[in-house]
Amino acid sequence: MAAEDLPLAGRVVGVTAHRRSEDQIAALERRGARVLHAPALRVEPVGEDAGLAAASRAMFEARPDLVLLTTGYGLRRWHDAAVAQGFDADLLLCLREAAVYVRGPKGRGAVRGLGLEDAGMSADETTAGLVDLVLAEHDGDLTGRTIGLQLHGIADVVQRRRLTDAGARVLTVTPYRWASADDAGQVPVLVREAAAGRVDAVTFTAAPAVDALFSTAEELGLHEELLAAFRGGMLAATVGPVTAAPLLELGIEPLVPERFRMGAMLKQLTDALSGGQPDDDGR
């Protein structure tokens, strides 16, 4: 096979994803990369969790003026749990009566999948951008308004505080949570290999995976070595700005494609490692 058909030949790439990891690994291996798969976290639907039902009913009773949906996956899991626990009619009524705002196209698609329409979508597909939109459309004043906020596995304290500081009452639901996915103990392997300079890049498709990787490094006494590897040339490829944020906080400049999709991330990473010129949209 020609060298141009294997642009990542000789490269080692760490993959931290659990969900859809097979697609990512296959795409990298087709390009010639050797992949170290170290799934840091997995999405765990709450399902029959009584806490989700209680939080949902509290939100329905409050009849929120606005509902902010941060992920399409979260809305689908919320609806699945509602069907299983018998409050799906209440959920649909709540979403019908409220002005629903979504973080990105997947959220919009999930809303339309329920036969509904959203009132707006953030410009940059981030929760901060979603809150910016809501604040802008209400002149920064949410006094007296009740907002339902669907969290995406982690509590976004900063964005929630922005809403409450503007005067809103905020009620949250968490249809899924993050749990450890490292059943085979591969995350420490990736940390050791990366800290030793034997990894060319690590891909991240969820922000919590960054924290999980560095928490493992801390436990192994390799936090500074891992940080130095990233700062010294090992690439951090991310699927978008939400995932990139914790890396930036660590002083690591990650790759962020203009289109926040896995395919665009892999194209940008391939270009960076092979010396190719990326397309204008990062694909």
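1. A salt bridge is counted here where a side-chain nitrogen of Lys or Arg lies within 4 Å of a carboxyl oxygen of Asp or Glu. By that criterion the structure, which is a predicted model, holds 9 salt bridges. In general terms, side chains of opposite charge can pair when their charged atoms come close.

2. One of the salt bridges joins the side chains of Asp90 and Arg57, with a nitrogen-to-oxygen distance of 3.7 Å. This pair ties together distant parts of the chain, since Asp90 belongs to helix H4 (residues 88-97) and Arg57 to helix H2 (residues 50-62), the two residues being 33 residues apart. Asp90 is partly exposed, at a relative accessible area of 36%, and Arg57 likewise counts as partly exposed, at 34%.

3. A second pair to inspect is Lys267 with Asp271, whose side chains meet in a salt bridge at 2.7 Å from N to O. Both residues sit in helix H12 (residues 262-274), where a spacing of 4 residues separates them by about one helical turn.

4. Turning to the sheets, 5 strands make up an open sheet with parallel pairing, and their order is E6-E5-E4-E7-E8. Its edges are strand E6 (120-121) and strand E8 (169-173); each has a single partner strand, so one side of each is left without a neighbour in the sheet.

5. Within this sheet, strand E4 (residues 66-69) pairs with strand E5 (residues 99-102) in the parallel sense, over 4 bridges. Across that pairing, Leu68 stands opposite Tyr101 of E5, and Leu69 stands opposite Val102 of E5. E4 also pairs with E7 in the parallel sense, again over 4 bridges, and there Val67 faces Gly148 of E7.

6. The side chains of E4 deserve a separate look. Leu66 and Leu68 point one way from the strand while Val67 and Leu69 point the other way, and all are buried.

7. Helix H7 (residues 157-165) lies across E4, strand E7 (146-150) and E8, and runs at about 150° to E8.

8. Another open sheet, with parallel pairing, is formed by 4 strands in the order E2-E1-E10-E11. Strand E2 (34-37) and E11 are its edge strands, each pairing on one side only. On average, and with direction ignored, neighbouring strands of this sheet are turned by 25° against each other. Strand E1 (residues 12-15) runs parallel to E10 and is joined to E10 by 3 bridges, with Val202 of E10 as the bridge partner of Gly14.

9. Helix H11 packs on this sheet, touching E10 and E11, and its direction makes about 150° with that of E11. The buried residues of H11 (residues 241-249) are Thr243, Ala244, Pro246 and Leu247. These residues lie on the same side of H11 because they cover an arc of only 155° around the axis. Which elements cover the buried residues of H11? Among them are strand E10 (201-204), helix H9 (207-219) and strand E11 (235-238). H11 is followed by Gly251, whose phi is positive, near 80°.

Notes:
Residues are numbered from 1 along each chain as its sequence is written. This is a predicted model: local features need pLDDT of at least 70, side-chain atom pairs count only at pLDDT 80 or more; totals for chains, interfaces and linings use all residues. Side-chain values use heavy atoms; hydrogens and water are left out. Buried means under 20% relative accessible area, exposed over 50%, partly exposed in between (1.4 Å probe, protein chains only). The arc is that of the directions from the helix axis to the C-beta atoms. Contact means heavy atoms within 4.5 Å. Two strands pair if DSSP finds at least two bridges between them. Axes are lines fitted to C-alpha atoms, for helices over the stretch in contact, and angles run from 0 to 180 degrees between N-to-C directions.
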